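Visitor: I am new to protein models. Please show me how to read one.

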Amino acid sequence: QVQLVESGGGLVQAGGSLRLSCAASGSVKSINAATWYRQAPGKPRGLVATITSGGSTNYVDSVKGRFTISRDNAKNTVYLQMNSLKPDDTAVYYCAAAVAVVAGTLKTYWGQGTQVTVSS
């Protein structure tokens, strides 16, 4: 069994920073690609940032230059550093990762989400 657990969300003023973590636990061999998504009230879930197994990254235009996705393979953890936060960044943030399990299969798992609220 594999779990992805997100942490690091909270309430921050505009211009502030937060760092989200997404840790994989259980029968995990490694994390392949991973993606952060977010969903604001009344809006569809959208991609924020992606990191490949090789460390290549991609971002939605609205967060370029402000957010940084990274990974620590030794800890099976993916991070999202969010700087210069804006009220429009308020959303529930989810991570999804393709996880190679000990049994040898590769499967995508989702975290439970963490709330980020940016006040003006």
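Guide: We will go through a pocket, a core and a few loop residues. This is a predicted model: local features need pLDDT of at least 70, side-chain atom pairs count only at pLDDT 80 or more, and totals for chains, interfaces and linings use all residues. Residues are numbered from 1 along each chain as its sequence is written, and side-chain values use heavy atoms, with hydrogens and water left out.

Visitor: What volume does the largest pocket have?

Guide: A pocket is an open set of points on a 1 Å grid over the protein atoms alone, where a 1.4 Å probe fits, with protein on both sides within 12 Å along at least five of seven lines. Its volume is the space filled by probe spheres set on the points, which are joined across faces, edges and corners. Here the largest pocket has a volume of about 210 Å³.

Visitor: Which residues line the largest pocket?

Guide: Lining residues have an atom within 4 Å of a point. Among them are Arg38, Gln39, Lys43, Val60 and Asp88. Strands are DSSP runs (E, at least two residues), numbered from the N terminus. β4 (28-39) and β5 (46-51) each supply at least two residues of this lining.

Visitor: Which residues have the most contacts inside the largest nonpolar core?

Guide: A nonpolar core is a set of buried Ala, Val, Leu, Ile, Met, Phe, Trp, Tyr and Cys residues joined through side-chain atoms within 4.5 Å. Buried means under 20% relative accessible area, exposed over 50%, partly exposed in between (1.4 Å probe, protein chains only). The largest core has 32 residues, and Trp36, Leu80, Met82 and Tyr93 have the most contacts inside it. Its largest share, 6 residues, comes from β9.

Visitor: Is arginine 66 buried or exposed?

Guide: Arginine 66 is buried, because its relative accessible area is 11%. Arginine 66 sits in the loop between β6 (57-59) and β7. Contact means heavy atoms within 4.5 Å. Leaving out residues up to four places away in sequence, arginine 66 touches Gln81, Met82, Asn83, Ser84, Leu85, Lys86 and Asp89. Its side chain also reaches the backbone oxygen of serine 62 at 2.9 Å.

Visitor: What phi does asparagine 76 have?

Guide: Asparagine 76 has a positive phi of about 50°, although it is not a glycine. Asparagine 76 lies in the loop between β7 and β8. At 15% relative accessibility, asparagine 76 is buried.

Visitor: Where is serine 84?

Guide: Serine 84 is in the loop between β8 and β9. Serine 84 has a positive phi of about 50° and is not a glycine. Serine 84 counts as partly exposed, because its relative accessibility is 41%.

Notes: Helices (H or I, at least four residues) and strands (E, at least two) are DSSP runs, numbered from the N terminus. A polar contact is a pair of N or O atoms within 3.5 Å; within protein, one must be able to donate a hydrogen and the other to accept it, and residues adjacent in sequence count only if both atoms are side-chain atoms.
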